[in-house]
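Here is a short report on one protein chain. It covers model confidence, then strand pairing.

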Amino acid sequence: MDGKKPTIPLVTRVAAKNFRSLEDVDVKLGPLTVLVGPNASGKSNVVDVLRFVADAFRNGLDRAIADRHGIGAIRRWSAKGRYDVEVGLEFQ
């Protein structure tokens, strides 16, 4: 070992389309980010995007989806039908 501390990547941006109630969200994150808004505005779903990605890396994508009661519980629905889910993260 060279005595250096391991670098822990910092998530600097989370983006999601059609994840639960989130139609199209793009949030820049800092070392401390506070989500504020009225009830049912999607704050918890933004946080769950991060949990979902962590669960998918830790336990596999199939398990992360199953733990949320299937793709139907994750995918946003509307009168026009269902939508494909997209999730993206940026790291520093």
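The protein chain averages a pLDDT of 92, where pLDDT is the predictor's confidence in each residue, from 0 to 100. Of the residues, 98% score at least 70. This is a predicted model: local features need pLDDT of at least 70, side-chain atom pairs count only at pLDDT 80 or more, and totals for chains, interfaces and linings use all residues. Residues are numbered from 1 along each chain as its sequence is written, and side-chain values use heavy atoms, with hydrogens and water left out.

Helices (H or I, at least four residues) and strands (E, at least two) are DSSP runs, numbered from the N terminus. Among the elements of the chain, helix 2 (residues 61-67) has the highest mean pLDDT, 97. Strand 4 (residues 81-82) has the lowest, 78.

Two strands pair if DSSP finds at least two bridges between them.

| Pair | Sense | Bridges |
|---|---|---|
| Strand 1 (residues 11-19) and strand 5 (residues 86-91) | antiparallel | 6 bridges |
| Strand 1 and strand 2 (residues 22-28) | antiparallel | 6 bridges |

Arg-13 stands opposite Glu-90 in strand 5. In strand 2, the bridge partner of Arg-13 is Lys-28. Val-14 faces Val-27 in strand 2. The hairpin of strand 1 and strand 2 has 2 residues between the strands. There, Arg-20 takes a positive phi near 55°.
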